[in-house]
Amino acid sequence: MKINNVGMTGVNPYNLQANKMGNIKESKVKSSDKVEISSAAKEMQQSSPILAARQAKVDELKIQVEKGNYKLNAQATAKGLIDFYRK
């Protein structure tokens, strides 16, 4: 018994696979991502006066340490640590 025209005749299955892969690549290229930043996030990105004051204090302490003028108050440091952990 002879069966004719079963399946896809005259079509190269490897060509179909290559075409599918090409379509996937093209669809990826066409799509693009967008990022939107809310107004609240934009406000958070702005430098606050607290950060500027903190940076100024850090710079001042850095200069004192480099010059050797910085004196550590061990009592105040210990009290601050104890107060922090007792909260």
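Student: What does a side-chain oxygen of N73 reach at the start of α4?

Tutor: In this predicted model, that oxygen of N73 comes to within 3.3 Å of the backbone nitrogen of Q75. A polar contact requires a pair of N or O atoms within 3.5 Å, and the value for N73 and Q75 is within 3.3 Å.

Student: How do you know how the span of helix α4 compares with the expected one?

Tutor: Helix α4 covers residues 74-86, which is 13 residues. The expected span is 1.5 Å times one less than the number of residues. For α4 this expectation is 18 Å, and the first and last C-alpha atoms are 18 Å apart, so the span is close to the expected one.

Student: What makes K79 and D83 a salt bridge?

Tutor: The definition asks for a side-chain nitrogen of Lys or Arg within 4 Å of a carboxyl oxygen of Asp or Glu. The closest N and O atoms of K79 and D83 are 2.9 Å apart, so the pair qualifies. The structure holds 1 salt bridge.

Student: Where do K79 and D83 stand relative to each other in helix α4?

Tutor: They are 4 residues apart in α4, and therefore about one helical turn separates them.

Student: How do you know what kind of aromatic pair F84 and Y85 form?

Tutor: A search of the whole structure finds 1 aromatic pair. The ring centres of F84 and Y85 lie 5.0 Å apart, within the limit of 6.5 Å, and their planes meet at 85°, which is over 60 degrees; therefore the pair is edge-to-face. Both F84 and Y85 are exposed.

Student: Which residues make the nonpolar surface patch?

Tutor: The patch is made by L61, V65, Y70 and L72, and its area is about 390 Å². Patch residues must have over 30% relative accessible area.

Student: Where are L61 and Y70 found?

Tutor: L61 belongs to helix α3, residues 49-67, whereas Y70 lies in the loop between α3 and α4. Helix α3 has 19 residues and reaches 27 Å, close to the 27 Å expected. G68 follows α3 and has a positive phi, near 90°. The C-alpha atom of Y70 is 10.0 Å from that of E60, a residue 10 positions away along the chain.

Student: What pattern does the chain follow along the sequence?

Tutor: The pattern is α-α-α-α, with 4 helices and 0 strands.

Student: How many of the chain's residues count as buried?

Tutor: Buried means under 20% relative accessible area, and 0% of the 87 residues count as such. The accessible surface of the chain comes to about 9100 Å², and 56% of that surface belongs to carbon and sulfur atoms.

Definitions and conventions: Residues numbered from 1 in each chain as written. Predicted model: local features only at pLDDT ≥ 70, side-chain atom pairs only at ≥ 80, totals over all residues. Heavy atoms only, no water. Patch = residues over 30% accessible without salt bridge, like charges linked within 9 Å, V, L, I, M, F, W, Y side chains within 5 Å. Areas by Shrake-Rupley, 256 points an atom, 1.4 Å probe, with all protein chains shown as cover. Helix = DSSP H or I, 4+ residues; strand = E, 2+ residues; numbered from the N terminus. Buried < 20%, exposed > 50% of the residue type's maximum accessible area, 1.4 Å probe, protein only. Phe/Tyr/Trp six-rings, centres within 6.5 Å; stacked < 30°, edge-to-face > 60°. Polar contact = N/O pair within 3.5 Å; in protein donor to acceptor, adjacent residues only side chain to side chain.
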